[in-house]
Amino acid sequence: MDLKSSQVEANYSVLPRVNSPDDLKRLSIQELEILAKEIREFIIDTISKVGGHLGASLGVVELTLAVHYVFNAPRDKIIWDTGHQGYVHKIITGRRDVFHTIRQFKGISGFLKRSESIYDVFGAGHASTSISAALGIATARDFDGEDYKVVAIIGDGTMTAGLAYEAMNNAGMLRKNLIVILNDNNMSISPNVWAVSKYFTELIASTHYNKLKSFVWDLTGQLDGMGDRIRKLAARVEGGVKAIITPGMLFEALGFRYFGPVNGHNIPKLIKILSEIKNLNGPILLHVITQKGKGYKPAEDDAPKYHGVTPFDKITGKMYKSDKPQPPSYTKVFGEALVQLARKNSKIVGITAAMPEGTGLDILRNEIPERFFDVGIAEQHAVTFAAGLATEGYIPVCAIYSTFLQRAFDQIIHDVALQHLHVVFALDRAGLVGADGPTHHGAFDLSYLRLIPGMVVMAPKDESELRDMLYTATIYNKGPIAIRYPRGNGIGVPLKEEFDLIEIGKAEVLKEGKDIAILAIGSMVYPTLKAAEKLKEFGIDAMVVNMRFVKPLDKKLLDEIFDKFDKVVTVEENTIIGGFGSAVLEYASFKGVKNVKFLIHGIPDEFIEHGTQAELWKMLKLDPDGIVEKILETFKFKRTLISQKIQK
């Protein structure tokens, strides 16, 4: 699996010579073009073995080389939006030899990470942060009296988020020297204007044109009122041409000088225009057209499928699948259940923020398209849009990854909960998601949702319970209600044709016991059941409860447990700070419980790195063996453990 340095030396002619951006500057244009082909092959070869973000990486090869060729990183600051565009950047900034470890346990990150390299100026896993960060860096540069360039590269759909326009509006007001490169991989410019717009872009970016413009501007400034009229006329002419043949007037209105569109796969043209604009003053926007998946036909033909991939056959493009039949994913079960419910209830609609396939709402889009809404990378808008629908009696199901819903926290409180609106939040990828790491782990949702007044928060133990919880959520009409469920395949339990209503706040006892009570929520229920079986080997009879609800808690059952047991364990795939275990402790404190010792087990108060889910669960002792170990250690069962091992 490893693509070692020796293999790189043998397979490529230019790539082995590039270990830093300085090495690029020693190459000819012809060698840069050879390098682009070799990097594409290197990425395809590596990602086909280990998985990762393929399409976006292949689309920015020439752009990355041109940017690093023209600018002087790390002195010049290059900020990438959504780090899955950063694979080429990683390869040419000294990480080629460890690139095969990308997104692997203890390997390099799939995103930009400040602690990983001095070339990673700003970490990014969520979208649309680059312009804001770049403006902050440019402002700090000016405070310090420094003289370096700041370049933000944004694209792959991230311009649909309001944060990008907030940043551009502020940048236009501050007039800082800043370059924003819009990587447009949707081919939005029609072919019939390409030649004219290309000529116009080269003209307005040229040194001669800008010198002439500055000369005329200075000259007309000496002509009093007549000069002002000439200036206004010239601005109208330039602006009018831009409005006719380019989409740049929006950016001009925000205070940016617009250049483009430019072919993002033409290295000489990119180098030329970047060299021309790098020394211009004020905010600059360069519009670059690229093709997602460029150079690999399967990725060119199906961009969504090859955005993020598991290992695949690089010849055919087919993803490798397990020989064993797998249970359906939670995402698929959710998507199919939503369509089934929507057919029965015409008020149900689905909303996603640019993740229809990722959330399973592509099934609703295909089956009932008029009740499907993709709002783009705009989670805040998605939530308030849902709130508006709810005011008119509709039942919006807002399906957003747990980590991305964090971006709409205020809207959940202010626009939904405060008005007691019936919005269903379906949080996919809750818990530890694996290779995408800390930017994508859904480690905080139980904490940030349960503190909101009126919010119901539940988590299913398996895919069948997910269906019932979704049904329950659409029936419940007293306010907002959230379901959080993990990434990956279900447990494999049979799925009923219809749905059962779950009583709000009602837990279920899965196993009776007399020595210790283990309260589990969501994805930790089945590992806890297995842990209880293992505890029998140590003479410990554990009660296991599927709590189902983090809010409201089943207080009647908790009272019975506090009366019966002096050892209580809570297990959750959420941070222990403010999560499910905290809720149980708060209730115990409120009740004045004094004779119970608690173990709150979950994700510790730190950011968890990337790795497979299984590797991370084992590391954090959230697998069955780890749960057993934590219980034995906490409740001083170590002697029993040692004696059992001796007997074996």
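## Salt bridges of K496

The side chains of K496 and D468 form a salt bridge, with N and O 2.9 Å apart; the term denotes a side-chain nitrogen of Lys or Arg within 4 Å of a carboxyl oxygen of Asp or Glu. This pair connects distant parts of the chain, as K496 belongs to the loop between β13 and β14 and D468 to helix α22, 28 residues apart. Helices (H or I, at least four residues) and strands (E, at least two) are DSSP runs, numbered from the N terminus.

K496 is partly exposed, its relative accessible area being 33%, whereas D468, at 8% relative accessibility, counts as buried. Buried means under 20% relative accessible area, exposed over 50%, and partly exposed in between, for a 1.4 Å probe and protein chains only. K496 also forms a salt bridge with D500, the closest N and O atoms being 3.7 Å apart. D500 is partly exposed at 42% relative accessibility.

## Basis of the model

The model is predicted: local features need pLDDT of at least 70 and side-chain atom pairs count only at pLDDT 80 or more, while totals for chains, interfaces and linings use all residues. Residues are numbered from 1 along each chain as its sequence is written, and side-chain values use heavy atoms, with hydrogens and water left out.

## Further salt bridges

The count by this rule is 39 salt bridges. One of them joins E498 to K344, with the closest N and O atoms 2.4 Å apart. Because E498 lies in the loop between β13 (481–484) and β14 (508–511) and K344 in helix α15, the pair ties together parts 154 residues apart in sequence. E498 is partly exposed at a relative accessible area of 43%, and K344 is exposed at 52% relative accessibility.

## Packing of α15 and α22

The axes of helix α15 (residues 330–344) and helix α22 (residues 463–475) come within 10 Å and cross at roughly 40°. Axes are lines fitted to C-alpha atoms, for helices over the stretch in contact, and angles run from 0 to 180 degrees between N-to-C directions. The two helices, α15 and α22, are therefore oblique to each other; angles under 35 degrees count as roughly parallel, over 145 as roughly antiparallel, 65 to 115 as roughly perpendicular and the rest as oblique.

On the α15 side, Y330, V333, F334, A337, L338, Q340 and L341 meet E463, L466, R467, L470, Y471 and T474 of α22, contact meaning heavy atoms within 4.5 Å. By class, this contact of α15 with α22 comprises nine nonpolar, two polar and two charged residues. Here Ala, Val, Leu, Ile, Met, Phe, Trp, Tyr, Cys and Pro count as nonpolar, Asp, Glu, Lys and Arg as charged, and the others, Gly among them, as polar.
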